[in-house]
Amino acid sequence: MTKPIPQGMHSVTPHLICAGAAEAIEFYKKAFGAVEAARLPGPDGRLMHAAVRIGDSTVMLVDEMPEWGALSPKSLKGSPVTIHLYVDDADAFVARAAKAGAKVTMPVDEMFWGDRYGKLEDPFGHHWSVATHVRDVSPDEMQQAMKKMSA
């Protein structure tokens with residue numbers, strides 16, 4: 001029987017439009033340890049569909065195709081979206097991504113909600129937040145920490 005959600009997929013899957021999806025795949029392999037899962041080039045060589053696995057999740061990619069309304073962050077002059085990654089070691093993950101060419105927009109640091117957390121922008125204009133959960137914090141403790149921060 002066909003499953004409504006294919007094996008290995010989750011309910012929500014990012015689908016990135018990239019100015020250079022093939023190059024993005026190579027970057028995600030080097031920077032994020034991604035594993036290529038699919039690649040479907042169209043007749044003109046642009047990728048009509050591609051997928052990589054980062055950790056236990058799939059990220060789909062496609063080449064920018066303005067004629068279909070598929071514009072990348074580069075064409076849009078930025079992205080309002082941040083994709084969040086939980087990883088085993090945020091510090092090492094961000095260091096590897098920076099070495100591969102990602103721009104660190106917020107260095108990894110201990111956050112009041114219990115994560116070591118930082119942010120990146122990849123060379124294709126996509127924003128990523130990276131975290132490792134290091135301690136459990138109650139909602140009340142979080143509220144107190146936020147009040148302290150804004151004082």
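How do the residues of the lining of the largest pocket divide into nonpolar, polar and charged? The views below take that up, starting with some housekeeping. This is a predicted model, with local features needing pLDDT of at least 70 and side-chain atom pairs counting only at pLDDT 80 or more, while totals for chains, interfaces and linings use all residues. Residues are numbered from 1 along each chain as its sequence is written, and side-chain values use heavy atoms, leaving out hydrogens and water.

**View A. The largest pocket, about 270 Å³ in volume.** Of its 18 lining residues, Ile54, Asp56, Ser57, His84 and Leu85 sit closest to the centre. Strands E4 (57-63) and E5 each give two or more residues to the lining, and E5 gives the most, with 4. The lining splits into 11 nonpolar, 6 polar and 1 charged. (A pocket is an open set of points on a 1 Å grid over the protein atoms alone, with protein on both sides within 12 Å along at least five of seven lines; lining residues have an atom within 4 Å of a point.)

**View B. The second largest pocket, about 210 Å³.** Here 15 residues make up the lining, and Leu16, Pro73, Ser79, Val81 and His126 lie nearest the centre. E1 is the top contributor, with 3 residues.

**View C. The buried side of helix H3 (residues 90-100).** Ala90, Phe93, Val94 and Ala97 are its buried residues (under 20% relative accessible area, 1.4 Å probe, protein chains only). Down the axis of H3 they fall within an arc of 95°, so they line one face of the helix. After H3 comes Gly101, with a positive phi near 120°.

Key: Buried < 20%, exposed > 50% of the residue type's maximum accessible area, 1.4 Å probe, protein only. Arc of directions from axis to C-beta. 1 Å grid on protein atoms, 1.4 Å probe; cavity = no way out; pocket = protein on both sides within 12 Å on 5 of 7 lines; lining within 4 Å. Points joined across faces, edges and corners; volume = space filled by probe spheres on them. Nonpolar A, V, L, I, M, F, W, Y, C, P; charged D, E, K, R; others polar.
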